[in-house]
Amino acid sequence: MSMTSYLEAGRRAVMEEMQRDERVWALGEDLGRGGVFGQYKGLQEMFGDERIADTPISEACIMGAAVGAAMTGTRPVVEMRFSDFALCAVDELVNQAAKARFMFGGQMRVPMVVREPIGMWRSSAAQHSQSLEAWYAHIPGLVVVAPATPADNLGLLKTAIRNEDPVVYMEHKNLWALEGEVPEGEHLVPLGKAEVAREGVDLTIVTWSAMRHPCLKAAEDLSAEGIGVEVIDLRTLWPWDREAVLASVGKTGRLLVVQEAVSVAGFGAEIAASVAEALHYRLRAPVRRLGAPRIPVAYAPPLEDQARVTDKAITDAVRGMVVPQTVA
Amino acid sequence: MAARKTTAKKPNVSGDELKQYYRDMLLIRRFEEKAGQLYGMGLIGGFCHLYIGQEAVVVGLEATAKENDKRITTYRDHGHMLACGMDPKGVMAELTGRQDGYSKGKGGSMHMFSKEKHFYGGHGIVGANVPLGAGLAFADKYRGNDNVTYTYFGDGAANQGQVYETFNMAALWQLPVVFVIENNQYAMGTSQERSTSTQDIYKRGEAFGIPGEMVDGMNVLSVKEAGEKAVAHCRAGKGPYILEIKTYRYRGHSMSDPAKYRTREEVQKMREERDPIEQARDMLLTGKHASEEDLKAIDKEIKEIVNASAEFAKDSPEPALDELWTDIYAKEVPQGEAV
């Protein structure tokens, strides 16, 4: 084990997979200078400008070209910089990449990874802050991954690159500098397998991406009050680990879903509905969701903060579910 | 339909006009320097794209605009707002995210508007504002007036597909739109040579029957002259026109870009030999349109305006939290519980 940042873990994943498999290559804007966040630093020097390819600012063309290149058997890693910008290329992703295997009767496949960072950091306003994972989870044919830790960013990105279908890989911009233990040597994390990040008996929190961290903080704070919170980090949204979630809620009888994205029609709604369908009569409290209100992310810090789920909001919500009489 | 290169012009405007352009460019320069300072102090956050070096482009073109003409641009928008007469205080207060900013603190550097000045933003997605510009022009044509729309974008955006869909439609419908390509030679960190197959972007209109020309964007008079020709073409109902204006940004793509993809010497050479404000200053002095004292008085006036905008932007209150729930739908729609 060694301490590595979330950003470096992603860089290492691409590097290791490019060393392992010469069909793997990457394309996007400014990759030669290391990518806009530094997540490709030094890779063009190492692999040359054909395998780490700089492109014009042409998202639709980048995505479309990657789909074509993937259909012929290469394994492109597409860098979109921000999930907000990737919207310029959604047709190629949703109508082409996601459906090619199906439409061509399984003769064609599109093994590509689309990296499109999500989330709020600070004052990036409405077009650079969105968490759009639910859009892609809705599309048959796509795999959706949202890692929360450096180790997962390494292991999931490597697995995503080896995957045979298009993967929308959503790193969180606010996690780039996060340091964590990362295994030395080969490290792969399977898709569709959640992690029980903390065990508890009273309530289950299901979360993913950056929200894992405030959830763990809230769970720690609540343990001092004698409330045992189990925190499940989904890690991949499609496929999602239904078995792990149902097992946990079956045990605790309470479910709180925590997401950074707009709560309305977010992926949390899918989790909540699935649990209600499967476990309705075993629930000890109504299922709850915490997420952003349905508003664009604002620029001014106090307004931006209104869209954030804080560890305090989480502890309040948990208390309200476990000990209803404490609700004002 | 022939495309030609414009060369630097001798002054063919009055001394007062030239002085006005000098003043407007200097306002942008000093405003942006102040914004950079406030960013360094943490008073401005997020993405902040400075216009320093490109001032002659927007000032030269604004000199060709008449009342009710429209403009729309990308995220490097501070200069455009100042040049079309928006209040520096309101712009700076938006940069600091305060309630007196043009977007009440909700939009920030990249997203400001002014209906009064016909400034339609301030857009954060590269190339995405170009079809909008055609739509603005369509509305004017539909209404039967002779307004034109200045649609600004960069050399980077020129590689976005929707730009060519827009060229086609604007030519097909003969829309009164001036496509202004501010070619500052770097698409973020990638030079034009490394991102663009043919270097003369203005020629790309030929495939659609749109005339275009390349313009020296470091000389405000060259820009104005080319702009007048383009605007006359549009106002006469002859359809769109392309101006590829060669310019240069002295700072990084945004405040978080150290611009290591080019040499210090390259920037220095441009500053020393081509600076648009220095060129205007030379023309004013050698043409005896202004004395050193006149220019000092302008410097002082600008400094006061910029300082006042910064003070205003620091003193303006942060937006009220209720504000977050307004301006989402035309009629405030109940949002339900914030689940």
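Me: How many residues does the contact take from chain A and from chain B?
Reply: Happy to start there, keeping in mind that this is a predicted model. Contact here means heavy atoms within 4.5 Å. On that basis the contact takes 36 residues from chain A and, from chain B, 42 residues.

Me: Which residues in chain A lose the most area to chain B?
Reply: Between them, chain A and chain B bury about 3,100 Å², with 63% of it on carbon and sulfur atoms. On the side of chain A, three residues together make up 24% of what that side buries. They are Ile57(A), Tyr299(A) and Leu303(A).

Me: Which element gives the most to the side of chain A that touches chain B?
Reply: Chain A and chain B share eleven residue pairs in polar contact, with both residues at pLDDT 80 or more. On the side of chain A, β14 (288-292) and α11 (301-305) each supply at least two residues. The element that gives the most, with three residues, is β14(A).

Me: Where do domain 1 and domain 2 of chain A lie, and how far apart are their C-alpha centres?
Reply: The domain assignment of chain A places domain 1 at 2-182 and domain 2 at 195-322. The distance between their C-alpha centres is 26 Å.

Me: What is the area buried between domain 1 of chain A and domain 2 of chain A?
Reply: The contact joins 27 residues of domain 1 of chain A to 26 residues of domain 2 of chain A. Carbon and sulfur atoms give 58% of the buried area, which is about 2,200 Å².

Me: Which residue forms a salt bridge with Arg235(A)?
Reply: Three salt bridges are found across the interface of domain 1 and domain 2 of chain A. In the one with Arg235(A), the closest N and O atoms are 3.1 Å apart, and the partner is Asp152(A).

Key
Residues numbered from 1 in each chain as written. Chains lettered and ligands numbered in written order. Predicted model: local features only at pLDDT ≥ 70, side-chain atom pairs only at ≥ 80, totals over all residues. Heavy atoms only, no water. Buried area = accessible area lost by both parts, 1.4 Å probe. Polar contact = N/O pair within 3.5 Å; in protein donor to acceptor, adjacent residues only side chain to side chain. Helix = DSSP H or I, 4+ residues; strand = E, 2+ residues; numbered from the N terminus. Domains from an automatic or database assignment. Salt bridge = Lys/Arg side-chain N within 4 Å of Asp/Glu carboxyl O.
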